[in-house]
Amino acid sequence: MADNAQPGEKSPWARGARQRFGTLLAGIWGSVTTPCPLCEARSPAGRVCGACEGDLLRVLPEGHRRCVQCALILAQDDTCPDCRFLRPAFDRVVAAFDYGFPGDLLIHGLKSQLRFTHAPALARLIVQAVQAQRLVLAPPFIVLPVPAAPSALRHRGFNPAAEIARPLARWLGGDYRTGWLQRHQGARRQKRLGRADRAREAASLYYCGRRLDGCHVVLVDDVMTTGSTLHGAALAVRAAGAVSVNGLVAARTPLLDGDRQPGPATS
Ligand SMILES: [Zn+2]
Ligand SMILES: [Zn+2]
């Protein structure tokens, strides 16, 4: 029997069929398992297994806490040297885990061995951390990957931060935008710079090609080392008009012994 749907409008039958198909697909996908990228145990499709997830997400040595702004592990009575040093332009960072074994294997697999399935697995870990650490991200908000250095982009052919940010935006309900945040050509790679040089250079490393007036922005990166990269990116989106800037990273590099000397503030 013909229904009364107007041209271009989905009929109730078509809507119902689409819904049933979506439910069927979700059911099939939910029952699919793949090997955990860390231990190869059967896991929900595209994710690390529950045991590895627990190991990665709960590492906080006894008697320590995290800096509420940059997620660095601190002794209970320490002030955060990175935040004191940078006075970050971002509001808050959530990191899924601290850089080190075994999480570094996921990062290394994505960046050096082109294991692209690690990107959604890392994004899932970030979603778990966002929920566990109660960071409220209410849509609408814009998700911007931190651009890779041109030499890294040439070498790898892709930006790992973008690979993580794309599924992450979908699961968090944000609008993924690539190319809005840009890195100045000719800027030196941060990797080989010391802490003070990183901070100095990061302040002018990025720019936005469009206005972000009134926007809430989430910056995504794979690894946060000193925070200077995210700080530089946050400065750029704030200069473009963003009213809030949060950072989501897969891994936060812990402080090394002897790396606690504060330097001059850069912003
Ligand atoms: Zn596992
Ligand atoms: Zn901090």
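Residues are numbered from 1 along each chain as its sequence is written, and chains are lettered from A and ligands numbered from 1 in the order in which they are written. In this predicted model, local features need pLDDT of at least 70 and side-chain atom pairs count only at pLDDT 80 or more, while totals for chains, interfaces and linings use all residues; side-chain values use heavy atoms, with hydrogens and water left out.

**Exercise 1. Describe the protein chain as a whole, from its secondary structure to its surface.**

Step 1. The protein chain holds 9 helices and 11 strands, where helices (H or I, at least four residues) and strands (E, at least two) are DSSP runs numbered from the N terminus.

Step 2. Of its 267 residues, 45% count as buried; buried means under 20% relative accessible area, exposed over 50%, and partly exposed in between, with a 1.4 Å probe and protein chains only.

Step 3. Among contacts (heavy atoms within 4.5 Å) between residues at least 6 apart in sequence, 70% join residues at least 24 apart.

Step 4. The accessible surface of the protein chain is about 14100 Å², and 53% of this belongs to carbon and sulfur atoms; such areas come from the Shrake-Rupley method with a 1.4 Å probe, and for residues only the protein chains shown count as cover.

**Exercise 2. Determine which atoms coordinate the zinc ion (ligand 1) and what arrangement they form.**

Step 1. Donors are N, O and S atoms within 2.8 Å of the metal (3.2 Å for Na, K and Ca), and water is not among the atoms, so sites may look incomplete.

Step 2. The SG atoms of Cys-36, Cys-39, Cys-49 and Cys-52 coordinate the zinc ion (ligand 1) at 2.3 Å, and along the chain these donors follow the spacing C-x2-C-x9-C-x2-C.

Step 3. Four donors count as tetrahedral if all angles lie between 85 and 135 degrees. Because the 4 donor atoms around the zinc ion (ligand 1) subtend angles of 102 to 115°, the arrangement is tetrahedral.

Step 4. Cys-49 counts as buried at 7% relative accessibility, and Cys-52 likewise counts as buried at 12%.

**Exercise 3. Compare the salt bridges of Arg-66, Asp-222 and Arg-166 by their positions in the chain.**

Step 1. A salt bridge is a side-chain nitrogen of Lys or Arg within 4 Å of a carboxyl oxygen of Asp or Glu, and the whole structure has 7 of them.

Step 2. In the pair of Arg-66 and Asp-98, the closest N and O atoms are 2.7 Å apart. Arg-66 lies in strand β3 and Asp-98 in strand β5, so the pair ties together parts that are 32 residues apart in sequence.

Step 3. Asp-222 and Lys-111 also meet in a salt bridge, at 2.7 Å from N to O. Since Asp-222 lies in strand β10 and Lys-111 in helix α4, this pair ties together parts that are 111 residues apart in sequence. Asp-222 is buried at 7% relative accessibility, whereas Lys-111 is partly exposed at 21%.

Step 4. Arg-166 pairs with Glu-163, with the closest N and O atoms 3.4 Å apart. Being 3 residues apart in helix α7, Arg-166 and Glu-163 are separated by about one helical turn.

Note on methods:
Four donors count as tetrahedral if all angles lie between 85 and 135 degrees; four count as square planar and six as octahedral if opposite donors are over 155 degrees apart and all others between 65 and 115; anything else is irregular.
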